[in-house]
Amino acid sequence: MTQTAVGWHIELEFEEDTHRTRAAALVRLSDGSEVRAHGYASRHPSDSGQPRVGEEIAGARALNELAMKLLTKAHDEIDEASGRTSYPLT
């Protein structure tokens, strides 16, 4: 039987103006640390106003950066625990 030891909740917040959407992502980890990331989307002046699309793009970019930061954090922890330098996680 599988047991869940921990769960993560990721927060995403958006700020928008007429041409740009900014997303901020935050995850609090069970070790008490926080990882933050940002993503942006820009609307070309000829594009129609679709705030949801800007949120999806900016949010996806923030989550992608968050994922890369988590991989880097895990890699650094593996190296610290093993006392050697390993290949980066991708």
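The model is predicted, and local features were accordingly considered only at pLDDT of at least 70, with side-chain atom pairs counted only at pLDDT 80 or more, whereas totals for chains, interfaces and linings use all residues. Residues are numbered from 1 along each chain as its sequence is written, and side-chain values rest on heavy atoms, with hydrogens and water left out.

The protein chain contains 1 helix and 3 strands, these elements being DSSP runs numbered from the N terminus (helices H or I of at least four residues, strands E of at least two). Read along the sequence, the elements follow the pattern β-β-β-α. The C-alpha atoms occupy a box of roughly 55 × 30 × 25 Å along the principal axes. The radius of gyration of the protein chain is 17 Å, whereas a compact globule of 90 residues would have a value near 12 Å; the radius is taken over C-alpha atoms, and the globule rule is 2.2 Å times the number of residues to the power 0.38. The accessible surface amounts to about 6,900 Å², of which 52% belongs to carbon and sulfur atoms, the areas coming from the Shrake-Rupley method with a 1.4 Å probe and, for residues, with only the protein chains shown counting as cover. Of the 90 residues, 22% count as buried, where buried means under 20% relative accessible area, exposed means over 50%, and partly exposed lies in between (1.4 Å probe, protein chains only). Among contacts between residues at least 6 apart in sequence, 36% join residues at least 24 apart, a contact being defined by heavy atoms within 4.5 Å.

The 3 strands form an open sheet in the order β1-β2-β3, with antiparallel pairing; two strands are taken to pair if DSSP finds at least two bridges between them. The edge strands are β1 (10-16) and β3 (34-42), each of which pairs on one side only. From one strand to the next, the twist averages 15 degrees. Helix α1 (residues 51-82) packs on this sheet and touches β1, β2 and β3, while its direction makes about 145 degrees with that of β3; such angles run from 0 to 180 degrees between N-to-C directions, with axes being lines fitted to C-alpha atoms, for helices over the stretch in contact.

Strand β2 (residues 20-28) pairs with β1 in the antiparallel sense over 7 bridges, and the two strands form a hairpin with 3 residues between them. Within this pairing, Phe14 stands opposite Ala23 of β2, and Glu15 has Arg22 of β2 as its bridge partner. Strands β2 and β3, which also run antiparallel, are joined by 9 bridges, and Ala24 stands opposite His38 in β3. The β2-β3 hairpin has 5 residues between its strands, and Gly32 in the turn has a positive phi of about 90 degrees.

Arg28, which lies in strand β2, counts as partly exposed at 44% relative accessibility. When residues up to four places away in sequence are not counted, Arg28 touches Trp8, His9, Glu11, Ser33 and Glu34. The C-alpha atoms of Arg28 and Trp8 are separated by 6.9 Å, although these residues are 20 residues apart along the chain. The side chain of Arg28 is joined to that of Glu11 by a polar contact of 2.7 Å, and to the side chain of Glu34 by a polar contact of 3.0 Å. A polar contact here is a pair of N or O atoms within 3.5 Å; within protein, one atom must be able to donate a hydrogen and the other to accept it, and residues adjacent in sequence count only if both atoms are side-chain atoms.

Thr85 and His75 are 10 residues apart in sequence, and their C-alpha atoms are 9.1 Å apart in space. Ser86, also placed in the segment after α1, is by contrast buried, because its relative accessible area is 18%. Leaving aside neighbours within four places in sequence, Ser86 is in contact with His75, Ile78 and Asp79, and its side chain makes a polar contact of 2.5 Å with the side chain of Asp79.
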